[in-house]
Amino acid sequence: MEVVEPQSLKKLSFKSLKRALDLFSPIHQQLAPPDPESKKIRLSYKVNAEYGGIKNTTQPPRQTNSATQDQSQQPGSSNMLALPGPGDSKDLPKGGAHSALVVGPAMPSTTTNDLGFQGKSTVVVSTSGSSERNLSTSALMERMPSKWPRPVWHAPWKNYRVISGHLGWVRSVAVDPSNTWFCTGSADRTIKIWDLASGVLKLTLTGHIEQVRGLAISNKHTYMFSAGDDKQVKCWDLEQNKVIRSYHGHLSGVYCLAIHPTIDILLTGGRDSVCRVWDIRSKMQIHALSGHDNTVCSVFTRPTDPQVVTGSHDGTIKMWDLRYGKTMLTLTNHKKSVRAMAPHPKEQAFASASADNIKKFTLPKGEFCHNMLSQQKTIINAMAVNEEGVMVTGGDNGSMWFWDWKSGHNFQQAQTIVQPGSLDSEAGIYALTYDVTGTRLISCEADKTIKMWKEDENATPETHPLNFRPPKDIRRF
């Protein structure tokens with residue numbers, strides 16, 4: 001037997017519309033003649049769509065098949081090519097190909113095959129009241145008003161303070177639960193503690209021998225946790241300002257860190273593709289959550305199931321059962337590395353960012369909601385959400401985009417300015433966090449600075465109007 005070239009059938013079938021017509025049309029090289037009846041169908045459908053087309057869907061289906069046959073006999077100028085059923089070739093008119101489109105409530109049919117074609121050469125298109133519109137009728141019907149939620153108006157954010165003091169890239173940030181100070185970790189191997197109100201340096205902690213990539217502050221103890229590229233996870237006592245515990249076990253650099261909100265456990269993820277669960281007090285490793293194929297670079301925890309959610313460079317998001325240390329669910333919606341995730345402080349949902357898109361998922365099931373309506377088109381390293389529903393994402397090129405959480409609308413695009421003496425290529429954002437109130441935003445950047453942002457008090461919906469166009473179709477993946 002002759003070997004068929006791979007994809008040759010696919011190439012032949014999808015070469016062009018003309019090729020499809022040559023393959024399936026009983027009358028070759030001749031298009032269907034224009035038909036005045038098709039115009040009437042289109043107009044009547046338009047009127048239906050505008051004035052109570054939705055009401056008509058509740059009417060009982062038509063009983064007679066004769067009307068269907070009569071309409072199927074009429075030649076139409078629709079794009080759809082109806083295939084003649086068995087024994088129908090003698091009914092074909094000489095003028096051209098036989099194509100008919102019956103638009104209306106779905107009619108009962110005795111012989112309908114899987115493709116939706118009936119025995120009498122009729123294509124039946126159902127117009128149910130659901131939001132999913134049939135593509136074959138979208139050319140005929142007028143667009144219905146979008147059901148997409150309208151975004152809430154948010155004031156634009158502006159930079160009001162630049163703090164310099166680190167001697168390397170600033171890689172991580174955490175805010176104290178009392179909202180009086182925050183700490184930053186840097187590639188200069190130090191952790192600095194700053195006053196939140198004035199931006200004044202209060203303390204510098206040394207102890208790591210590589211860049212500090214993760215920071216977290218406990219809301220129950222006077223402890224701060226740090227993790228870095230030196231494979232070390234440290235617990236700092238903030239009353240003595242020194243390391244009191246170290247957690248040993250990671251085989252490579254530690255990229256992310258999170259504290260469980262209710263139990264005394266700590267979670268760290270790193271380049272060894274494992275998220276490790278530690279008992280804070282005994283320094284013991286409780287679980288090694290293994291299953292990712294690449295670096296675990298983002299993690300967050302919740303008080304209820306799934307208690308641990310991790311994102312990885314392998315493009316997957318995993319939800320873990322903390323009792324057994326097993327995977328509950330793996331989300332494979334992203335195509336690129338999931339470098340940042342942010343749970344909503346009030347809703348049961350979280351967002352994840354990748355170079356391909358920013359996606360929103362529900363919790364605890366992990367159901368995909370929608371993509372954000374624009375693409376930042378850069379590697380996104382950090383994201384944060386506040387209670388007002390303002391989500392911010394920071395990219396490798398220094399772009400900070402602000403989003404409305406409910407609708408996914410991008411209402412502001414800011415570009416960070418590097419501090420004098422830095423290269424333009426050092427405009428990268430590595431960490432973002434809101435303070436406890438959600439009114440101040442802290443960004444950590446590659447130009448060795450920490451920038452603080454707040455909403456513009458003078459902005460109103462009149463000075464900064466909402467330019468929102470509801471999407472025509474939502475890309476699922």
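**Entry 1: strand β25**

I count a residue as buried when its relative accessible area is under 20%. With that cut-off I went to strand β25, residues 390-395, in this predicted model, and found 6 of its 6 residues buried. I then asked which residues cover each face of β25. On one side I noted V390, V392 and G394, on the other M391, T393 and G395, and all of them are buried.

**Entry 2: neighbours of β25**

Next I looked up what β25 pairs with. Strand β24 (residues 380-385) runs antiparallel to β25 and is joined to it by 5 bridges. I picked out V385, whose bridge partner in β25 is M391. The hairpin of β24 and β25 has 4 residues between the strands, and there G389 takes a positive phi near 85 degrees.

I moved on to strand β26, residues 399-404, which also runs antiparallel to β25, with 5 bridges between them. Here V390 has D404 as its bridge partner. I found 3 residues between the strands in the hairpin of β25 and β26, where G398 has a positive phi near 85 degrees.

**Entry 3: an open sheet**

I wrote down an open sheet of 4 strands in the order β16-β17-β18-β19, paired antiparallel. From one strand to the next, the twist averages 25 degrees. Within this sheet I checked β17 (residues 308-312) against β18 (residues 317-321) and found 4 bridges in the antiparallel sense. G311 stands opposite I317 in β18.

**Entry 4: salt bridges**

Side chains of opposite charge can pair when their charged atoms come close.

- K158 forms a salt bridge with D456, with the closest N and O atoms 3.9 Å apart. K158 lies in strand β3 (residues 157-164) and D456 in the segment after β30 (449-455), so the pair ties together parts 298 residues apart in sequence. I noted K158 as partly exposed, at 30% relative accessibility.
- D264 forms a salt bridge with K220, and here the closest N and O atoms are 3.3 Å apart. D264 is in the loop between β12 and β13 and K220 in the loop between β8 and β9, so parts 44 residues apart in sequence are tied together. D264 counts as partly exposed at 22% relative accessibility, and K220 counts as partly exposed at 44%.
- E387 forms a salt bridge with K346, the closest N and O atoms being 3.9 Å apart. E387 sits in the loop between β24 and β25, and K346 sits 41 residues away in the loop between β20 and β21. E387 is partly exposed at 44% relative accessibility, whereas K346 is exposed at 58%.

I also noted a network in which salt bridges with shared partners join K158, K454, D456 and E457.

**Entry 5: the whole protein and its confidence**

I logged 5 helices and 30 strands, with buried residues making up 48% of the 477 residues. The protein exposes about 24900 Å², and carbon and sulfur atoms supply 53% of that.

Which stretches have pLDDT under 50? I found residues 53-59 and residues 64-133. Where pLDDT is low, the predicted coordinates should not be read in detail. The protein averages a pLDDT of 81, and 70% of the residues score at least 70.

How values were computed
Residues numbered from 1 in each chain as written. Predicted model: local features only at pLDDT ≥ 70, side-chain atom pairs only at ≥ 80, totals over all residues. Heavy atoms only, no water. Buried < 20%, exposed > 50% of the residue type's maximum accessible area, 1.4 Å probe, protein only. Helix = DSSP H or I, 4+ residues; strand = E, 2+ residues; numbered from the N terminus. Pairing = 2+ DSSP bridges. Axes fitted to C-alpha atoms, helices over the stretch in contact; angles between N-to-C directions. pLDDT = per-residue confidence, 0-100. Contact = heavy atoms within 4.5 Å. Areas by Shrake-Rupley, 256 points an atom, 1.4 Å probe, with all protein chains shown as cover. Salt bridge = Lys/Arg side-chain N within 4 Å of Asp/Glu carboxyl O.
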